[in-house]
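Q: Please take a close look at one part of this structure. Keep it brisk, and give the cut-offs as you go.

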Amino acid sequence: SSGINAEYGIQINTPNCDKDEKVKAMHYCLKLKDERNGRPKTSTIDDDPMTDERVSAVLGDKDKKDKAPPPGPHTKKLIRVSDESGTLKMDNVAEGSFEVDNFDPNDVFIVDLEKSIYVWVGEGASVEEKKNGMSYAHTYVSKTDRPLRSISVVTQRRAHHLYKEMAQ
């Protein structure tokens, strides 16, 4: 049958996941198989998971008669997560194009690029901002037209690959 149950596991490697994420997921699948005496069958998807009938059967919208049109051109967005006002909130900083200078080291930012989402953590960000950046990013991406994109956390000092992707 097509579908997912306790006897079947699927490792999904989205186009933006790195080698370490793939290895960690593979180890988790092997551990799961070992814990369940080899019962669950596993497979790996190295692309958009919604193109796999087993995944789309579970996650797809069964009430929808027609497929949604493919997403249109995507606008890059830079969103600040800050508690400067006393309450943790998100504010749009820039759309379309933005530069490294748009980042404030005292805050956390959600960087929405066409294929991926980053949580950029400034060195001076508060504990609350650091602690909640990922959950805010998950909430944000779940409301977009592509909610299955991967989210990566990068610190201000280790964001070189993010800056390169922003420039593309």
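A: Lys 31 and Glu 35 form a salt bridge, with their closest N and O atoms 3.9 Å apart. The term means a side-chain nitrogen of Lys or Arg within 4 Å of a carboxyl oxygen of Asp or Glu. The model is predicted: local features need pLDDT of at least 70, side-chain atom pairs count only at pLDDT 80 or more, and totals for chains, interfaces and linings use all residues. Residues are numbered from 1 along each chain as its sequence is written, and side-chain values use heavy atoms, leaving out hydrogens and water.

Both partners sit in helix H1, 4 residues apart, about one turn of the helix. Glu 35, at 52%, counts as exposed. The cut-offs are under 20% relative accessible area for buried, over 50% for exposed, and partly exposed in between (1.4 Å probe, protein chains only).

H1 covers residues 19-35, which is 17 residues. From its first C-alpha to its last it reaches 24 Å, close to the 24 Å expected at 1.5 Å a residue. That expected span is 1.5 Å times one less than the number of residues. Helices (H or I, at least four residues) and strands (E, at least two) are DSSP runs, numbered from the N terminus.

Now the two ends. At the start of H1, a side-chain oxygen of Asp 18 comes to within 3.1 Å of the backbone nitrogen of Asp 20. Just after H1, Asn 37 has a positive phi of about 55 degrees.

H1 also holds Met 26. Its relative accessibility is 38%, so Met 26 counts as partly exposed.

Now the wider setting. The protein chain has 4 helices and 7 strands. Their order along the sequence is β-α-β-α-β-β-β-β-α-β-α. Of its 168 residues, 33% are buried. A search of the whole structure finds 8 salt bridges. One of them pairs Glu 128 with Lys 131, closest N and O atoms 3.2 Å apart. These two lie 3 residues apart in helix H3 (residues 127-142), about one helical turn.

Methods: A polar contact is a pair of N or O atoms within 3.5 Å; within protein, one must be able to donate a hydrogen and the other to accept it, and residues adjacent in sequence count only if both atoms are side-chain atoms.
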